Amino acid sequence: MSWEDHISVDQQVCHGKACVSGTRVLVSVVLDNLAAGETVTDIANAYEITADDVRAVLLYAAELAKERVTKLSAAG
């Protein structure tokens with residue numbers, strides 16, 4: 001699966017924030033739900049998107065993480 005088939009960025013939709021294609025469901029909202037422990041199925045049902053859309057959000061987030069370096073504080 002390619003996340004590009006499921007995620008879009010359009011300045012005319014949600015102020016240009018990444019969304020599930022053809023919807024106004026923000027990638028960040030799906031990620032927040034996953035982080036809160038919601039299941040893929042529950043998220044898909046709640047937002048009327050597919051399970052593949054939810055998985056594509058994770059692939060998109062992983063791709064972004066590869067491109068950025070965030071300075072972490074030392075554990076202490």
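Figure 1. A disulfide is a covalent bond between the sulfur atoms of two cysteines. C14 counts as buried at 17% relative accessibility. C19 counts as buried at 2%. Here buried means under 20% relative accessible area, exposed means over 50%, and partly exposed lies in between, with a 1.4 Å probe and protein chains only.

Notes for every view: residues are numbered from 1 along each chain as its sequence is written, and side-chain values use heavy atoms, leaving out hydrogens and water. Because the model is predicted, local features need pLDDT of at least 70 and side-chain atom pairs count only at pLDDT 80 or more, while totals for chains, interfaces and linings use all residues.

**Figure 2. The whole protein chain, with 3 helices and 2 strands.** Along the sequence, the pattern runs β-β-α-α-α. Helices (H or I, at least four residues) and strands (E, at least two) are DSSP runs, numbered from the N terminus. The C-alpha atoms fill a box of roughly 45 × 30 × 25 Å, taken along the principal axes. Of the 76 residues, 25% count as buried. The accessible surface comes to about 5400 Å², and 51% of this surface belongs to carbon and sulfur atoms. These areas come from the Shrake-Rupley method with a 1.4 Å probe; for residues, only the protein chains shown count as cover. Among contacts between residues at least 6 apart in sequence, 38% join residues at least 24 apart. Contact means heavy atoms within 4.5 Å.

**Figure 3. The aromatic pair of W3 and Y60.** How many aromatic pairs does a search of the whole structure find? The search finds 1. The ring centres of W3 and Y60 lie 4.8 Å apart and the planes meet at 65°, so the pair is edge-to-face. Rings of Phe, Tyr and Trp (its six-membered ring) pair if their centres lie within 6.5 Å; planes under 30 degrees apart count as stacked, over 60 as edge-to-face and the rest as tilted. This pair links distant parts of the chain, 57 residues apart: W3 sits in the segment before β1, and Y60 in helix α3 (residues 51–67). W3 counts as partly exposed at 21% relative accessibility. Y60 counts as buried at 14%.

**Figure 4. A18 in the loop between β1 and β2.** The loop joins β1 (7–8) and β2 (19–20). Is A18 buried or exposed? A18 counts as buried, at 15% relative accessibility. Setting aside residues up to four places away in sequence, A18 touches I7, S8, V9, V25, L26, V27 and Y60. The C-alpha atoms of A18 and N33 are separated by 16 Å, and the two residues lie 15 apart along the chain.

**Figure 5. The two faces of helix α1.** Helix α1 spans residues 27–35 and includes N33. Its buried residues are V27, V30 and N33. The arc is that of the directions from the helix axis to the C-beta atoms. An α-helix has 3.6 residues a turn, so residues three or four places apart point the same way. The face turned away from the buried side carries the exposed residues D32 and A35. The buried residues of α1 pack against β1, β2, α2 (40–47) and α3. N33 has a relative accessible area of 17%. Beyond its neighbours within four places in sequence, N33 is in contact with E38, I43 and Y47. After α1 comes G37, with a positive phi near 95°.

**Figure 6. The largest nonpolar core, with 13 residues.** A nonpolar core is a set of buried Ala, Val, Leu, Ile, Met, Phe, Trp, Tyr and Cys residues joined through side-chain atoms within 4.5 Å. I7, V27, V30, I49, V54 and V57 have the most contacts inside this core. α1, α2 and α3 each supply at least two residues. The largest share, 4 residues, comes from α3. V54 touches V30, L34, V40, I43, A44 and I49, not counting residues up to four places away in sequence.
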